[in-house]
Amino acid sequence: MLDRQFDPQATVTRAGSSDHGDAAAGRSPAIGKVGFVGLGHMGTAMAANLAAAGCHVVGYVRRQGVMGGIQGLGVTPTMDIADMFDSEIVISMLPDDDAVRSVVFGTGDTEGLAAGLPPGAIHLSMSTISTAAAAECASEHARCGQGYVAAPVFGNPDAAKARQLFVMAAGSPIDVERCRLLTDNLGQTFVVGDDPAQANLIKLLGNIMTATTLEVLGETVAVLRRRGFDPRRFIDILTSTMFAGRVHRIYGNKIVEESYAPGFVMPLALKDVRLALAEAEKAGVPMPSAAVVRDRMTAGIARGHAGLDWTALALVAAEESEAGGRAT
């Protein structure tokens, strides 16, 4: 399933290019009702942007108390998932495999999207999940005559609000093209293949690269502080020269400022690291750096840092450096 070759340079179309300019500019996509399941920090920002672009967005919520806030963003709230079964496209932005499976297959007396959506509708799954879960969902939707597009995103809630997400999209070309009327309103879309699992594999491996970068940044800043140097100058120099990428710039500054306010909390980041390690094991490829990050996140959560952002890997490094200093 995942051994197909693809050329990212041949398939990437930037948001704002001529064929999707209207959507990328925030004008109303020519599409019917859109359902949205998973209105956390990311999902709420995404749903609000689609509503602002002119989409009729119906958002599924679990608590009566949040309905007013959602409605104030231009999204029609509902506590009955069946209210979105007449949607042309339903977007899900959920935390893990189990949550996505429950939405697709249903739970107890509640029908899932596969049973409830009409033939021809599309489930646009923007969650970060395993390739196995993506394949199961794609198969079930196909059995029911529906489309399934995997489109996980790179970016945090601030990027979601600013329409600056990077969307990895894979699925039937016709379905992906239809969904781009939405994804190009959320940021920049990269079409990576026709197998939905490909998009999820890319997302998991991308998150591993970010996590290992955070670990190295944290360790480096800990060394500088132990040696009595201000790490801000170091980060400014490195991010202006050899390491000018977004991850080093954005997270490097947060680590220097010791700003660990949650955007992507440690348990969710750990979930992705474990999924990536499982994918590597399937492929027979060792990933020792990912294993280090897994252990550091596990330690951080055990120390009470579960509510912090994954930049708190730097906090774990700082704690280790202090422990090492006391030992010597």
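The model is predicted, so local features need pLDDT of at least 70 and side-chain atom pairs pLDDT 80 or more, while totals for chains, interfaces and linings use all residues. Residues are numbered from 1 along each chain as its sequence is written, and side-chain values use heavy atoms, leaving out hydrogens and water.

**Exercise 1.** Find the buried residues of helix α11 (residues 231-240) and say what covers them.

*Solution.* Start with burial, which means under 20% relative accessible area with a 1.4 Å probe and protein chains only, exposed being over 50%. Pro231, Ile235 and Thr239 are the buried residues of α11. They lie on the same side of the helix because their arc around the axis is only 60 degrees, taken from the directions from the helix axis to the C-beta atoms. Next, turn to the face away from that side: there sit the exposed Arg233 and Ser240. Finally, the cover includes α10 (196-226) and α12 (246-256), with contact meaning heavy atoms within 4.5 Å.

**Exercise 2.** Work out which way the residues of strand β6 (residues 147-150) point.

*Solution.* Gly147 and Val149 point one way, Tyr148 and Ala150 the other, and all are buried.

**Exercise 3.** Which residues have the most contacts inside the largest nonpolar core?

*Solution.* Such a core joins buried Ala, Val, Leu, Ile, Met, Phe, Trp, Tyr and Cys residues through side-chain atoms within 4.5 Å. The largest has 35 residues, and Met46, Ile91, Leu124, Met126 and Leu182 have the most contacts inside it. To finish, α3 (41-52) gives the most to this core, with six residues.

Terms used:
Helix = DSSP H or I, 4+ residues; strand = E, 2+ residues; numbered from the N terminus.
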